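Dear colleague,

I am handing over the structure that we spoke about, and below it you will find my notes on what was found in it. Please read them with the structure open beside you.

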Amino acid sequence: MYKSWWKIASILLLIYTVVGGFLMSVPALPALQETIRNLYFHVCMWFAMMILFTVSVVNSIKYLRTFNLKYDIYARHYAAVGIVMGALGYGTGAIWMTYTWADPNNPAFQSFSALAREPKLIGAAIALLIYFAYMVLRDSISDIDKRARISSVYNIFAYAMLFPSIWILPRVMDSLHPGREGNPALNTSDIDSSMRIVFYPAVIGWTLLGVWITTLKIRLHLLKEKQLLS
Amino acid sequence: MAIDEPEAKVWNGLFWVIQLFICINAVAKSFLQESKGRMLYFYSIASPGDFVLAKLLFNTVLMLAMSLLSLFLFSLFLGNPMQKIWQFTGLVLLGGWSLSLVFTFLAAIAAKAQQNAAIMAVLGFPIIIPQLLLLMRLSNAAFAPLLTIPISTVLLLVALDAMVILLAVILFPYLWKD
């Protein structure tokens, strides 16, 4: 029980996110209106994805330092749940878009090709493709130690290439997303203080939920490989 | 030719896509063609850091030559819409260098996974797209007389290249051991 406080915290924070996110007042912006509440879900998914990918890379580095297969299993599952979070980020983004950029009655309406060129969409697609490639690479090598070593190397290399570029790209290309100057969603002028009291707990809650799912997957995998690791 | 003298934007887009495929085909050979015996020989005479630096250097020179050749052939066959020839040539060399560095390291990974060049493309495309986009944006300025090439973005690309070299030297020893 003493180790499960963060699971309870995750549940409480998510309840607070859903209740507070739908009931507390939000600034009424033109074009966005009430859809701005999706911020508590859509943006949090991307935060959780990036945090989980970072944890995955840290585990890959740990694997290369110790050659303990446990860390490779950690890295694989954190990347997998990160992919799920990214897919959910796309899903929530698509729902949000239905009521803003893709709605012809909305002043923020954009043509389809303008949306397809959106640098943040491209950046997110690149991030997901890299981790799909990581999974493909893992499955193409049958020797366990070799698989762990090569995929760890790719994970570190891809992460080090990916993250600078997905932070740079939206700054040099025209983006429809807010927060072009500076760090999106962390800038105090981007989001209202009344939203931040829900937004930050929501980020922590969703990330903890992702970590929780991952630990369950890891436990299952470690049980399957019990003979191998002992 | 199918298109006599394309517009500057089309020219630019075609050029960089061709560069990408040249790089994949030229650089992939460097690791995938080595036989196991020869790798063993290299292993006995050189340290992994030196070995990967030598590979990076060789592929850089190869890709720079290829870039200049394709630039020459492009202006021969598709006309020359460049407004700033020297600046564009500089960007082409920088781009060729970036592409060759990234794909050399990916070729090392793909060779260790004992796969063909297909997996190299799968691994490499998502990683190279941001750099390629930046290069295309930058080189658009070389086709318009009024636009200047932003130096900060060029420095950014150089910094990314330096990071790739550093990562290759740090990470290659783990690929090398068998």
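I begin with A:Phe67, which is partly exposed, with 14 other C-beta atoms within 10 Å; a residue is called buried if 20 or more other C-beta atoms lie within 10 Å of its own, exposed if 12 or fewer, and partly exposed in between, with C-beta atoms placed from the backbone. This is a predicted model, in which local features need pLDDT of at least 70 and side-chain atom pairs count only at pLDDT 80 or more, while totals for chains, interfaces and linings use all residues. Residues are numbered from 1 along each chain as its sequence is written, and chains are lettered from A and ligands numbered from 1 in the order in which they are written.

A:Phe67 is found in the loop between H2 and helix H3 (69–99) of chain A, where helices (H or I, at least four residues) and strands (E, at least two) are DSSP runs numbered from the N terminus. The phi angle of A:Phe67 is near 55°, which is a positive value in a residue other than glycine.

Within helix H3 of chain A lies A:Asp72, and this residue is buried, with 24 other C-beta atoms within 10 Å. Leaving aside neighbours within four places in sequence, A:Asp72 is in contact with A:Tyr63, A:Ala148 and A:Ser152, two residues being in contact if their C-beta atoms, placed from the backbone, lie within 7 Å. The C-alpha atoms of A:Asp72 and A:Lys217 are separated by 13 Å, although the two residues are 145 apart along the chain.

As for chain A as a whole, it has eight helices and zero strands. Its radius of gyration is 19 Å, close to the 17 Å that the globule rule gives for 230 residues, so chain A is as compact as a globular protein of that length; the radius is taken over C-alpha atoms, and the rule is 2.2 Å times the number of residues to the power 0.38. Buried residues make up 38% of the 230 residues in chain A, and among its contacts between residues at least 6 apart in sequence, 74% join residues at least 24 apart.

The axes of H5(A) and H6(A) come within 10 Å and cross at roughly 175°, the axes being lines fitted to C-alpha atoms, for helices over the stretch in contact, with angles running from 0 to 180 degrees between N-to-C directions. The two helices are therefore roughly antiparallel to each other, since angles under 35 degrees count as roughly parallel, over 145 as roughly antiparallel, 65 to 115 as roughly perpendicular and the rest as oblique.

Turning to the two chains together, 24 residues of chain A are in contact with 24 residues of chain B. On the side of chain A that touches chain B, the elements giving two or more residues are helix H5 (119–139) and helix H6 (144–172) of chain A, and H6(A) gives the most, with 15 residues.

Finally, the largest nonpolar core has 83 residues, and those with the most contacts inside it are A:Cys44, B:Ala107 and B:Ile109; such a core is a set of buried Ala, Val, Leu, Ile, Met, Phe, Trp, Tyr and Cys residues joined through C-beta atoms within 7 Å. Helix H2 (residues 39–66) of chain A gives the most to this core, with 17 residues.

With best wishes
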